[in-house]
Amino acid sequence: MKRLIYYTMITAALSLFTVSCSEDYLDTLPTDQVSAADAFTTTTNAMQALNGIHRIMYNQWRNQGEAGEGSVMINRDMLGEDLVMTSAGNGWYNNTYKWVDHRNETSNVDSYPWWVYYRIIANANMIINNIDGATGPQADKNIIKGQALLYRAWGHFNLVQLYGKRYVAGTPNDQLGVPIMLTNNFDGQPRNTVEEVYDQVETDLEEAATLLATYTRPNKSHMNLSVVRGVQARVALTKQDWASAASFAVQARTGYSLMTTAEYTGGFNNYTNREWMWGSTVIADQTTYFYSFFAYMSRNFSSTNIRGNPKAINRVLWNDLAFTPTDARKLNFDPTGAHTALALPSTFSKFPYTSQKFIAAGGADSRGDVVYMRAAEMLLIEAEANARMGGHDTEAQTALNTLRQARETVPANYIASTNTGDALINEIMLNRRLELWGEGFRFTDLKRLNLPLNRNGANHNTALAVIMDIPAGDVRWEWLIPKAEMDANKQMVQNPL
Amino acid sequence: MLFSLLILTAALAIGQTVLVTGTVTSSDDGLELPGVFVTVKGTTLGAITGPDGKYSLQVPAGSRTLMFSFMGYVTQEIAIEGRNTVDVVLKQDMFNVEEVVVVAYGTQQKRDVAGAISSVKGSDIAMMPVQSFDQALQGKASGVTITMPNGVLNNPPVIRVRGYNSISGSSSPLIVVDGVPIFTGDVSGTNAPSNALADVNPSDIESMEILKDASATAIYGSRAANGVIIITTKKGTVGKAKVTYDGYFGYTQPYRLFDVMNAEQYIEHKNLARANNPASGLAFEFFIPTDAEGDPIDTKWSDYIYQTGFQHNHALTISGASAATSYFLSLGYTGQEGMIQNNSFVRQNVRLNIDHKLNKYIALGANFSYVNSLGKAPNTGSLAGSAFSTAGAGRLAFVLPPNLGPYLNDGSYNINGSAIGNMGQPVANYGYYNPVPIFDLNEFSTETDRVLATLSLTITPIKGLALKTVYGIDNLSVEDNVFQTGLTGDSYASNGYVYNRFARPTRWTWTNTANYTATIAEKITFSLLAGSEQQYTNNVSWTGSKTNYNDSFFNDYQGAFVTAGMGGGGRSENYFQSIFGRLNFDLSKKYYFEVSVRRDAFSGLAVDNKWGNFGGASVMWNLSKEGFMSGVNEFVSDMRIKASYGRVGNMSGIGSYASLFLYSSGVYGAVPMWQFTQAGNPDLKWEASDKYDIGLSFGLLNDRIQADINWYYNDVNDLILNIPQAPSQGIPGNVVPGNVGSMFNTGFEFSFTTYNISKPNFTWTSNFNFSTLKNEVTELAPGVTELLGYTSGLELTNRTVVGLPIGNIWAVQTNGVDPTTGRRIFVNKDGDEVLYSHENSNKWTYRDDGSVAPVISLATDGKAAGSPLPKFYGGIDNSLTYKSFDFNLGLTYALGFYVYNGSKAGLRDQRWWNNSVEVYETAWKAAGDITDIPKPVFNDNVSNGSAMPITENVEKGNYLKVRTISAGYSFNKIPGNSGIEKIRLYAQVFNAFVFTNYTGSDPEVSSNGDTNLSPGIDRNSAPQARTYTFGINLSF
């Protein structure tokens, strides 16, 4: 019997061990990936998650036409009148240019911004909602959370401008915007009103401004207070809140100087540029193949797209008498299309007025830093806001002339603008179009100002463009809600077809 | 609970006794039988007969019955009736009614099993020229389909137990070897497949049990839904040391190769097609060049790809047992060349199984096996994902033109960059590779090392109670080596390529069980099992690749290459923990009841869903013991009705970290970054199956005829499918896996064993099984109307939709060829007939009025074209012995299913591709021709189904296959002192014939391997192999 008890005890001990030692084992975690719980245990880890969003800004997603923010920038200019397609090339962006894709709920072009901005927002929400529990200096938490909030605001702002109706100052703005996403969950949300979206954007931006107030960033791919102010200026400008726009723009550009002529004509590919406020950098061992912004917008990268379909500028804009022949901005385009200084191989098709504003790292290397915000835009916002405000033409002239003077390569040719009223506004807008060509502003500028699209009289090939006019306020100014969203989100409402 | 049982038994053992003695003899020859177990029924008291067949036993007063049992003899119960001497004559168990089967965590008398279990003896498969035991199981068990995908060595077969039980996960059964679940599937990353099950040498296997219904499998809980195959390896048996040697050698060849055009036929046909297409783009006609001897080139490409492969196999075993110790030692060597050149398989293994009784209470056991296997294969184009490879040997054998040769006349390879050279033909670049240089120069190999071992300790503190602990390891190492030449082929552009992968999946399993068996009042026998199990699995792998050799002398990773690729690999681990229990109960061997439960936890699931409960129950009624059956007992020797229900799970679809929100690492600029890459589903749980089974088993004419008939219904639910998410949620991939799908499998199974003749000098035994299957998908994820099944990621061939069986073949309907115009007749979605003319600018025209019709596409006009799941299948086995001769004929069959014959689309394709002779002979030539093959128009890839699957190429797959034929002769009485007890010589043909109307190579095919969503596809695969073997069995 003693033996019996002995064996039974062994068995009992074994069974107990079996049960007790294993509870921890059931919580296995990956070692080549990071669980969300681990990602926010410390601020060091959370910083990596923030870096992940910085990387989204130039990642390739589903195809080579979907590279972070750069591809959305291209699409926004493709819908305008200033960027001119010279041929069908290998097809990329043709149907955006024709105003087809963003009105086709199953097209990748239509779904891509929805997809990428909401992905950025989801990544930002993971940070915003978890960072407070991380261990680490409060200052680091502020830096991480501030930038995440800025991303969330910027993402919603971009979305509402594309998929929502135009913001009309002085009205309730209860027209449909986009869903505001503040948490990570599995439930599709209904569309908020345009006003609600802008309210949330402003709230996030204000909190970001507080958190980033004293942040000194390691480089311009991270976002500091000046970027917050810059986005605030854009938001205010879109809301036709001219006073705020001017004020934020001034704050935003404080501390930045304008490019020299050499820098302006140097290829727009280096984020250490004095004038750049925010941009992505792509380092040498991260090739970007054919999805890079520069694989479509540069003059020198030897992609089928660029060889066959180099991008040109609207010749009416380029030839406008508002610009002197020695304006640095005009030098980035060649009316002959020869670009002799670039020594392009013969396989590169030549068309008049093509751009060499963007230059890739090499003919076989599509890398280049992508600019998202620079001081010149802030000067232009300041000028436009003051001019539209009424009674501030002087301030507007000063801002405009600061920029114009900096861009004049022959000082003797510079004459300060003395325009006022509509003439001044017109001059500012012309400067804005030339200055920011190819940087992704034209569609939203037309939309926020309730202007029509008018491609007539320029070098647009009607066979390629198809669409030459779109009236202001047309339903086509709203991108369609992607079909995948309509299918999966019962609460989603489609824009007018 | 445990203690109360112990006390109960102890109490039974106390009391007054009477001495009973006697002799046990055999009915066969009247000789005394030593080693017979004699027990007092209803107790644990017993004795064993000595060498003279005598026993003596103290029997408690009041005991009524003695039981005599001996392996190979029918157990007898004899009433004592107050006698002191009880002599018994035991009858040989001619019809195996006493067979013991292995069940989960134990063994049972076959007839006492209420669950649906098919049992296959190791000896039935040991001599088959296969690489792994699963390949040999086809047709051996009802309810089980085994599909050999093709004749590539060691390609894992597709195993389905009672249909398909998952969509996104695996439908393959759990494999348990000596109590330990082992790794399964293809562990190779190269063109040389490596079936993890080939690491169990078939000749080491004692028995294989296939557990099918919930009653039998429920104790495996969350891994039981696909059925369970239990493998038990051999042990030594009492007696002097026994030495056996089994060896065979043989030849393997492809069979049913395609009959393709020779050079003359080719140029005649292709030039006709060229003439029929003014826009062919061919500047001049095809012609036949001459070789170095000045003879016209006429290349039969299959001669450069297939071969007659030699193989040999050796197994040496030494086994034996004393009262305390049994041992089984085996050494094995298998060397096989495949029917495809450069395809080979070599396996070396050792196994030692040893059991030792330390004393009355403690027994130790150890099973140890080490296996090394090395597989080599060229790119056969026959593995999942490779059907369209331009290097795929299966396709190159029939696609390449016969008017091109492998060599130029100067003796160098005929190549043009990566592709075969055109030898002046009007096609500038053929695109496909010359198989000769890539066979000569490329190397793909996978070598595995594996230790499968268990260590067990059994404590029997009192009779009837066994406390057992088993620790098992499965340590596998896999090394893949790939070299591709830069001279031509796949790595021409990268100027050579080497790839290495090393993977180390390891697993330990620790099982503790307590099993108590007792008989109460001679009527109630019960067995109670309780246990716990833990399993830890770890997967680590790394990969490296290099390209651009600067010295073509080297062909391994360590050689001189200019460009090094990024290293890769993966790691994951998971943990599995369970508690389980089972109660078996019978009353007077008449009424049986069994219930089992299991609670499993898996680390991959979220905190609140880690644990899941599974279980099953069965009842069985033995009618033959009832009084009302006594009148027919002469005819009906045994009859049982069974029923079972259970709910079991499938965890194969759940990743190690499926419930987690995950970040993946990368770099941003020069700094590290993490990106949100997986939104896990914390609500995710196991896929589940509710299994119902009703069975009838009976024995007729003294069990000369034994039958099992089952009906089953398997309601598979909570299937894990990706649920589309609103992109505004920002979820990576915009999908989250959830338990949303459902389907069912139902069918009947009939299994008969008949002992037609059982004379000492002449026996004839037949096994016949027949199964039916109906599968239907009943629910997919919300918002998802179909799941697409692609062949090699390229050709959409199958669609899974609600209301039809999984993986339906999808094709555009065609109605033959229009005799007037010679055009293929397509049928559009509205039922209109549309003709296709490749050379015209309006390619699609209505047949009735010739007007332009919308373009036919699979997306718009495709329809369900047949289910690839056989409705009926099974096997027929006949074994005869006559004096010293033995014969065996094994047939398998499958009926009522469709195969998409994609290879036929290629064989009729009107690009430069070579065609079947059928095309040469029967293609439409003039108005009025009635044929299936349209007017040849050069470059036409639509009319014959290359551009999209057409019903012309969807064929019925019905087949009857002669799987094995063997004949042997045994020398039983060897004169002299050689020590040899028995010599058997035999000859066998494996895959001897197939009877089918299917026009492809073989309807038993799966170009997509072990897939749920795209089964039944025959696309460019190598055929099956036929193997002739000659062997010897020796025992000393």
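Before the first stop, one working rule: two residues are in contact if their C-beta atoms, placed from the backbone, lie within 7 Å. Please also keep in mind that this is a predicted model.

**Stop 1: a helix in chain A**

Select residues 43-56 of chain A, which form helix α3. How far apart are its end C-alpha atoms? They are 20 Å apart, and this agrees with the 20 Å that 14 residues should span at 1.5 Å a residue.

Twelve of the 14 residues of α3(A) are buried, so the rest of the structure largely encloses it.

**Stop 2: where the chains meet**

To see one pairing, pick Q33(A), whose bridge partner in β34(B) is S664(B).

Zoom out to the whole contact between the chains: 51 residues of chain B are in contact with 52 residues of chain A. On the chain B side, the elements that give two or more residues include β25 (465-484), β27 (506-520) and β28 (524-549), as well as β34 and β35. Select β30(B), residues 568-587: this strand gives the most to that side, with seven residues. Colour the chain B side by residue type, and it divides into 27 nonpolar, 21 polar and three charged residues.

**Stop 3: the nonpolar cores**

Next, look inside. The largest nonpolar core has 231 residues, and A46(A), from the first stop, is one of those with the most contacts inside it. I127(A), L150(A), A245(A) and I231(B) are also in that group. Highlight α6(A), which gives the most to this core, with 14 residues.

Which residues surround I231(B)? Leaving aside residues up to four places away in sequence, I231(B) touches F133(B), I175(B), V176(B), V177(B), V200(B), I205(B) and M208(B). A second, separate core has 54 residues, including I267(B), M339(B), Y430(B) and L907(B).

**Last stop: two domains of chain B**

Finally, select residues 16-90 of chain B for domain 1 and 100-238 for domain 2. Their C-alpha centres lie 38 Å apart.

Note on methods
Residues numbered from 1 in each chain as written. Chains lettered and ligands numbered in written order. Predicted model: local features only at pLDDT ≥ 70, side-chain atom pairs only at ≥ 80, totals over all residues. Helix = DSSP H or I, 4+ residues; strand = E, 2+ residues; numbered from the N terminus. Expected span 1.5 Å × (residues − 1). Buried ≥ 20, exposed ≤ 12 C-beta atoms within 10 Å, placed from the backbone. Domains from an automatic or database assignment. Nonpolar A, V, L, I, M, F, W, Y, C, P; charged D, E, K, R; others polar. Pairing = 2+ DSSP bridges. Core = buried A, V, L, I, M, F, W, Y, C linked by C-beta atoms within 7 Å.
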